[in-house]
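Visitor: I have a structure open and have not looked at it before. Can you take me through it?
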Amino acid sequence: MGDRQVPRSVLSASALGASALLLDLDGTLYVAGAPVPGAPETVAALRGAGIPFRFVTNTTSRPRTALVERLRGYGFSVHDDELLTPVVAGARIARAHGCSALAPFLPAAALADLAGFELMGGIASARASRRPDAVLVGDLAEQWSYALMQEAFEYVLDGALFIALSRDRYWRRGDAIALDAGPFVAGLEYAASRTAMLAGKPSPEFFGAAVASLPPGLASAQVAMIGDDLWSDVRGAQDAGLRGWLVRTGKFREDALRESGVVPDRILASVADLRPALEGTRV
């Protein structure tokens with residue numbers, strides 16, 4: 001009995017402070033077209049230590065396959081089924097509600113994840129001649145126009161299911177802070193007096209699906225979400241029963257942390273801060 005070795009994954013989890021992790025992408029693993037220093041090595045160390053993890057993102061500008069390719073291009077080891085995206089989650093919600101015709105208001109590249117649906121209106125085609133079953137709103141950035149907002153507003157007002165892929169307020173684009181999907185979702189909600197169903201973070205269902213995709217037996221309280229967004233990553237995770245860890249990379253702002261009222265369970269200079277705890281474990 002005294003010679004029995006404790007599995008390295010157990011020791012690593014103890015040193016790490018969590019039994020499993022959910023990892024945000026943009027702003028956490030990579031920033032401005034390059035990986036965060038030490039991030040690929042940290043993910044490799046997680047895999048080597050046997051710590052379960054998933055990549056979770058609110059990015060709606062690329063299909064899941066392209067995001068996987070991007071991660072691999074940055075040096076990350078990733079399998080397709082380890083990445084959860086709001087577009088895939090939004091498609092799941094639409095199917096669950098019996099929707100077959102969607103009006104997508106998200107970048108064209110991401111439409112690949114909506115295979116099997118009839119796409120009408122939005123950025124998929126000219127304005128639909130009939131009401132779509134659902135409206136999906138993501139981050140269109142500079143593609144937004146008054147005409148597109150008006151079109152989405154009329155579909156929602158007419159009773160189409162309203163699915164927001166993200167409520168993120170802003171993100172870091174180069175050296176600037178840029179509006180994300182959240183302000184446009186909020187504008188449509190205000191105008192139509194409708195509350196959107198949320199597909200991505202901080203939806204409790206999204207976090208629940210991420211935890212459910214991990215090996216069985218893990219409780220939400222054993223899982224930490226690591227990200228640079230105070231509301232979608234940290235508070236969203238905490239509200240869903242997970243731990244919320246904040247990184248000081250990406251769109252992190254000291255004044256936002258101070259004024260937000262959000263209290264992260266842990267604050268890291270970057271995700272690479274986890275690596276010593278993982279590599280320092282010896283069995």
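Visitor: How do β8 and β9 pair?
Guide: Strand β9 (residues 161–164) pairs with β8 in the parallel sense, over four bridges. Two strands count as paired if DSSP finds at least two bridges between them. Strands (E, at least two residues) and helices (H or I, at least four) are DSSP runs, numbered from the N terminus.

Visitor: Before we go on, what kind of model is this?
Guide: This is a predicted model, in which local features need pLDDT of at least 70 and side-chain atom pairs count only at pLDDT 80 or more, while totals for chains, interfaces and linings use all residues. Residues are numbered from 1 along each chain as its sequence is written, and side-chain values use heavy atoms, with hydrogens and water left out.

Visitor: What holds strands together in general?
Guide: Strands of a sheet pair through backbone hydrogen bonds, either parallel or antiparallel.

Visitor: Are the residues of β8 (residues 134–137) buried or exposed?
Guide: Ala134, Val135, Leu136 and Val137 are all buried. Ala134 and Leu136 point one way from the strand, and Val135 and Val137 point the other way. Buried means under 20% relative accessible area, exposed means over 50%, and partly exposed is in between (1.4 Å probe, protein chains only).

Visitor: What about Ser193?
Guide: Ser193 has a positive phi of about 55° although it is not a glycine. Its place is in the loop between α6 (182–192) and β12. Ser193 is exposed, at 66% relative accessible area.

Visitor: Which peptide bond is cis?
Guide: The bond from Lys201 to Pro202 is cis, with omega near 5°. Pro202 is in the loop between β12 and α7 (204–212).

Visitor: Now the open sheet of six strands. What is its order?
Guide: The order is β5-β4-β1-β13-β14-β15, and the pairing is parallel. β5 (83–84) and β15 (266–268) stand at the edges with a single partner strand each, so one side of each is left without a neighbour in the sheet.

Visitor: How many bridges join β14 to β15?
Guide: Three bridges join strand β14 (residues 243–247) to β15, and the two run parallel. Trp245 stands opposite Arg266 in β15.

Visitor: Moving to helices, which residues of α3 are buried?
Guide: In helix α3 (residues 64–73), Ala66, Leu67, Val68 and Leu71 are buried. What covers the buried residues of α3 includes β2 (30–31), β4 (53–56) and β5, going by contacts, meaning heavy atoms within 4.5 Å. Gly75 follows α3 and has a positive phi, near 100°.

Visitor: Now the whole chain. How many helices and strands does it have?
Guide: The protein chain has ten helices and 15 strands. Its radius of gyration is 20 Å, close to the 19 Å that the globule rule gives for 283 residues, so the chain is as compact as a globular protein of that length. That radius is taken over C-alpha atoms, and the rule is 2.2 Å times the number of residues to the power 0.38.

Visitor: What share of the residues is buried?
Guide: Buried residues make up 52% of the 283 in the protein chain.

Visitor: And what share of contacts joins residues at least 24 apart?
Guide: Among contacts between residues at least 6 apart in sequence, 67% join residues at least 24 apart.
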